[in-house]
Amino acid sequence: MGEPDEDAAEPPLTVELLADLQAGLLDDDSAARVRKRVREDPQAQDVMRALNQVRCDVATLGADADAAPDVPPEVTARISAALNSEDSHDRGRGAHSARPHIRPARLAAGVAGVAAVLAAIGVGTAALLDAPEPTPSTPATAEHITVSTPPMVIPLSQAEIQGLLTKSPDYGPLGDPSLRASCLSGLGYPASTRVLGARQVDINARPGVLLVLPGDTPDDLAVFAVALNCSAADTGLLANTQVPRR
């Protein structure tokens, strides 16, 4: 018999699992494996972006009471009923049920994630429906040619990134431990994760903070360039990569 397929043993990248990753609810090993799989799965990356967006939107609405109307009572009632039904169903199946218990927080995260994905689809559809009628093509001229924005990449070499491991970290605005912990949570890391190196950087004229964190394996470093106001609600991720340790 051949060796078991490790990928086949991994759980599917569901909205619930990705929401757990984003919220920092997974243990270190599980989080590392999921992050690696997300980087190799464009569809999972889309879901993560949708989850990040919905968390950002929720945080914005929570900070501004006038930003949106109150949630209709019937919507709140349906969500509460769904959560109560889930708990009642699990209790009815008994402690030895083969079906794992889904915590209300996880169920709510999954609902929020699905809502974010559907919202993204709805916005895209609306944009297509509202798009103006195509106009007759005209010959391209120098006035109509635009220069594409350079790709967002980490502006340090591999050696420079490795060199940060021996220097005092420069967190910039993320010097506050609580802000840094919130940012780490948004990146899918436990708040207690030790940052191995940090410095302020500019990427395409956008200021940010470069964080060097443990990679998916002991031999790798994960490098993230995030916005100065990086938080669990919105990391403002500018670029990321992985490099080997020395």
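Let me begin with the disulfide: Cys183 and Cys230 form one, with their sulfur atoms 2.0 Å apart; the term denotes a pair of cysteine sulfur atoms within 2.5 Å. What we have on screen is a predicted model, in which local features need pLDDT of at least 70 and side-chain atom pairs count only at pLDDT 80 or more, while totals for chains, interfaces and linings use all residues. Residues are numbered from 1 along each chain as its sequence is written, and side-chain values use heavy atoms, with hydrogens and water left out.

By the distance rule, the count comes to one disulfide. The link of Cys183 and Cys230 is right-handed, with 85 degrees about the S-S bond. Cys183 lies in helix α8 (residues 177–186) and Cys230 in the loop between β3 (220–227) and β4 (239–244), so the pair ties together parts that are 47 residues apart in sequence. Helices (H or I, at least four residues) and strands (E, at least two) are DSSP runs, numbered from the N terminus.

Are these two cysteines buried or exposed? Both Cys183 and Cys230 are buried, that is, under 20% relative accessible area, with a 1.4 Å probe and protein chains only.

I turn now to the chain as a whole. The protein chain has eight helices and four strands, and its pattern along the sequence is α-α-α-α-α-α-α-α-β-β-β-β. Of its 246 residues, 30% are buried. For contacts (heavy atoms within 4.5 Å), among those between residues at least 6 apart in sequence, 58% join residues at least 24 apart.

Finally, the surface: the protein chain exposes about 15,600 Å², of which carbon and sulfur atoms supply 58%. Accessible areas come from the Shrake-Rupley method with a 1.4 Å probe.

How values were computed:
Buried < 20%, exposed > 50% of the residue type's maximum accessible area, 1.4 Å probe, protein only.
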